[in-house]
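Work through the exercises below with the sequence and the 3D view side by side. Try each task before reading its solution.

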Amino acid sequence: MAVRKTDLKWSDVTPKAVFMNRRAVIASGGAALLGLSGGGQRAFAADKLNAAPSRYSTDEKPNTFEEISGYNNFYEFGLDKGDPAKNAHALTTDPWAVQIDGLVDRPGSYDLADILKGQRLEQRIYRHRCVEAWSMVVPWVGFELNALLARVGVQPGARFVAFETLMRPSEMPMQKTSILDWPYREGLRLDEAMHPLAILATGLYDEAMPKQNGAPLRLVVPWKYGFKSIKSIVRITLTADRPQATWNMQAPKEYGFYSNVNPNVDHPRWSQASERRIGGGFFAKRQPTLMFNGYGDEVASLYAGMDLTKEY
Ligand code: MTE
């Protein structure tokens, strides 16, 4: 796909009201913008956000920061759950640009700091369910993906959104191997991407996103298995055709394109009916997995009429 570059700045495509409102909030001391440039992009500190956690938040107890940032899947940095925390410090996350292209009105390479200036960050405490049958509760800080898509103008022919992770083998050592077809890629149907539950996250608790969790910008789609939530995003492309997704390409019988959390459809090699909550201790009981990870009231209508045993 041809990539057109523009010189547009984020402020050029951000409605002025949003901008001014943001600045007013900052000026009033209601939220502190913690050094957007320099030593790495910082999220707004969650405890300094004006609003309580959004209405989409679960009231379950969040996992600790140490649990969330110490037990990760980020294959670019290794296969063991502890590898990302050990190795991801090598990743340079500032400066960071995101290429937004394909079927959009204002394609371009946008500086992340500019993208963030136009967005209303909030805390979303979400259940996070990995396809490997473990789960956590994570207080993400981020903004709705639909807000970013609105800024760049989605063209009528767009039906899907494709995402790509950074490709930088010098800092992501596993990219020198062929364990996956790099860069890591994911995709959503446009209506899934527009759903208010789908966010781009820049932090967790009151910290900037730890590198092992996908700094400086990662997707979070809480009704889908964790592998849809692609980390360290550098490209977002609006497409007419269904995009490639890394695990779906790697093992299509095991990982479908949709990957909605579904206790009734087992992985061919293990059950998806229950999950182990990280941090619960060795003797903690497994808990039943909920359809759409418990977000069915919000998202089930997106899949009306589909056979979810086939479109898994
Ligand atoms: N994104 C990239 N680029 N590379 C990965 O290996 N792993 C996925 C997803 N995003 C992965 C990725 C998987 S399998 C899961 S479960 C979640 O990230 C884990 O997110 P967490 O480490 O923040 O819990």
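Two strands pair if DSSP finds at least two bridges between them. Strands (E, at least two residues) and helices (H or I, at least four) are DSSP runs, numbered from the N terminus. The model is predicted: local features need pLDDT of at least 70, side-chain atom pairs count only at pLDDT 80 or more, and totals for chains, interfaces and linings use all residues. Residues are numbered from 1 along each chain as its sequence is written, and side-chain values use heavy atoms, with hydrogens and water left out.

**Exercise 1.** Which strands pair with strand 4 in the antiparallel sense?

Solution. Start with strand 3 (residues 122–129): 8 bridges join it to strand 4, and the two run antiparallel. Glu-122 stands opposite Gly-142 there. The two strands form a hairpin with 4 residues between them, and Ala-133 in the turn has a positive phi of about 70°. Then take strand 7 (residues 199–204), which pairs antiparallel with strand 4 over 5 bridges. Here Glu-144 faces Ile-199. Strand 11 (residues 274–277) runs parallel to strand 4, joined by 2 bridges.

**Exercise 2.** Why is strand 4 described as largely enclosed?

Solution. Buried means under 20% relative accessible area, exposed over 50%, partly exposed in between (1.4 Å probe, protein chains only). In strand 4 (residues 134–144), 10 of the 11 residues are buried, so the rest of the structure largely encloses it. Helix 6 (residues 145–152) is also largely enclosed, because 7 of its 8 residues are buried. Gly-153 follows helix 6, with a positive phi near 75°.

**Exercise 3.** Which residues come nearest to the ligand?

Solution. Of the 17 residues around the ligand (a heavy atom within 4 Å), the nearest are Asn-72, Tyr-75, Glu-76, His-128 and Lys-231. Check two polar contacts (N or O atom pairs within 3.5 Å). A polar side-chain atom of Asn-72 lies 2.8 Å from a ligand oxygen atom. A polar side-chain atom of Glu-76 lies 2.8 Å from a ligand nitrogen atom.

Technical notes: Polar contact = N/O pair within 3.5 Å; in protein donor to acceptor, adjacent residues only side chain to side chain.
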